[in-house]
Amino acid sequence: MLKHTVKIEDADYRYLEQDARFLGISVEEMLSKMIEKQRLIDHQKPDKFGNPESIYDKQSRWAGISRRIRRKPPLRGAGDYVRECAKEFRDDFSLGTDR
């Protein structure tokens, strides 16, 4: 595989190096992974709003559940009902020692 050298400022390299060290990899590996992820995103089909669905959402079961709930909330209006019940409970609640 042909490799190329890219010149960047020292400050930019140090900035990348901090993240790479945190991840336990080299700057070259980190850049390679970033490019690979961007290629995956670029080749994804857009959702109904024209946004590419994130590769992270596809990897996470909870993100998929959250996305489904946002698209079609199963308990629409339930929060208002619960808040009203809680307010009514607080207004009517008293202890035996209260006067």
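Analyst: The answer below begins with the basis of the model, then turns to the pocket and its setting. This is a predicted model, in which local features need pLDDT of at least 70 and side-chain atom pairs count only at pLDDT 80 or more, while totals for chains, interfaces and linings use all residues. Residues are numbered from 1 along each chain as its sequence is written, and side-chain values use heavy atoms, with hydrogens and water left out.

The largest pocket holds about 640 Å³ of space. A pocket here is an open set of points, on a 1 Å grid over the protein atoms alone, where a 1.4 Å probe fits, with protein on both sides within 12 Å along at least five of seven lines; lining residues have an atom within 4 Å of a point. The volume is the space filled by probe spheres set on the points, which are joined across faces, edges and corners.

Sixteen residues form the lining, and H4, V6, E28, L31 and S32 lie nearest the centre of the pocket. Helix 1 (10–23) and helix 2 (27–42) are the elements that give two or more residues to this lining. Helix 2 supplies the largest share, seven residues. Helices are DSSP runs (H or I, at least four residues) and strands likewise (E, at least two), numbered from the N terminus. By class, the lining comprises nine nonpolar, three polar and four charged residues. Ala, Val, Leu, Ile, Met, Phe, Trp, Tyr, Cys and Pro count as nonpolar, Asp, Glu, Lys and Arg as charged, and the others, Gly among them, as polar.

As for the setting, the protein has five helices and zero strands. Of its 99 residues, 9% count as buried, a term that means under 20% relative accessible area (1.4 Å probe, protein chains only). Among contacts (heavy atoms within 4.5 Å) between residues at least 6 apart in sequence, 0% join residues at least 24 apart.

Note on methods. Buried means under 20% relative accessible area, exposed over 50%, partly exposed in between (1.4 Å probe, protein chains only).
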